[in-house]
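Please read them with the structure open.

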Amino acid sequence: MKKWKFTFWLMAFLFAISLLEVPFGGDQSFVNLIFQVVSALSLIPLYGYAYSIAIGSKNIAIIIFTINFFGTLYGLFALVLGTFQDYDLAILGANIIVLLFIFLFLYPQYAYAFKSNNMWESNA
């Protein structure tokens with residue numbers, strides 16, 4: 001579980017940086033606020049999975065995973081479309097790194113929501 005604890009703290013650090021950038025950024029839109037809220041909510045299943053703690057309910061974890069999954073699909077579609085429009089080896093390498101971060105972000109949420117039945121039963 002050490003790798004998932006590291007993943008949680010890495011994502012929490014990246015969230016803190018993005019949160020600190022909000023007042024100084026020029027784009028202060030409603031979409032940016034929604035992104036910050038979803039990012040904060042996404043840390044809950046990451047923390048729960050890393051530390052084997054049931055936080056909230058299983059249904060909430062499923063909803064958070066679903067929101068992130070569809071948001072990731074949209075981002076992945078934009079990423080692939082951008083790669084085909086402006087192909088470059090460096091862009092392809094960056095996209096592969098982004099895909100690894102997507103896996104590090106989504107897998108613990110999936111496992112927390114769907115594969116941790118014993119944790120949900122024992123902590124309910």
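1. H3 and H4 pass each other in a left-handed crossing. This is a predicted model, and the points below should be read as such.

2. Two packed helices are described by the angle between their axes and the distance between the axes. For H3 and H4, the axes come within 9 Å and cross at roughly 165 degrees. Since angles over 145 degrees count as roughly antiparallel, H3 is therefore roughly antiparallel to H4. Sorted by class, the residues in the contact of H3 with H4 are 18 nonpolar, five polar and one charged.

3. What is the volume of the largest pocket? The value is about 670 Å³. Its lining has 20 residues, and those closest to the pocket centre are Met11, Phe35, Ser39, Asn68 and Phe105.

4. Which helices supply the lining of the largest pocket with at least two residues each? They are H1 (2-21), H2, H3 and H4 (89-114). By class, 13 residues of this lining are nonpolar and seven are polar, with no charged residues.

5. Serine 52 deserves a separate entry. The residue sits in the loop between helix H2 (30-51) and helix H3 (58-85). Phi of serine 52 is near 55 degrees, which is a positive value in a residue other than glycine.

6. Is serine 52 buried, partly exposed or exposed? Its relative accessible area is 42%. Buried means under 20% and exposed means over 50%, so serine 52 counts as partly exposed.

Conventions: Residues are numbered from 1 along each chain as its sequence is written. This is a predicted model: local features need pLDDT of at least 70, side-chain atom pairs count only at pLDDT 80 or more; totals for chains, interfaces and linings use all residues. Side-chain values use heavy atoms; hydrogens and water are left out. Helices (H or I, at least four residues) and strands (E, at least two) are DSSP runs, numbered from the N terminus. Buried means under 20% relative accessible area, exposed over 50%, partly exposed in between (1.4 Å probe, protein chains only). On a 1 Å grid over the protein atoms alone, a cavity is a set of points where a 1.4 Å probe fits but cannot get out, and a pocket is an open set with protein on both sides within 12 Å along at least five of seven lines; lining residues have an atom within 4 Å of a point. Grid points are joined across faces, edges and corners, and a volume is the space filled by probe spheres set on the points. Ala, Val, Leu, Ile, Met, Phe, Trp, Tyr, Cys and Pro count as nonpolar, Asp, Glu, Lys and Arg as charged, and the others, Gly among them, as polar. Axes are lines fitted to C-alpha atoms, for helices over the stretch in contact, and angles run from 0 to 180 degrees between N-to-C directions. Angles under 35 degrees count as roughly parallel, over 145 as roughly antiparallel, 65 to 115 as roughly perpendicular and the rest as oblique. A crossing is left-handed if the near helix is turned anticlockwise from the far one by less than a right angle, and right-handed if clockwise.
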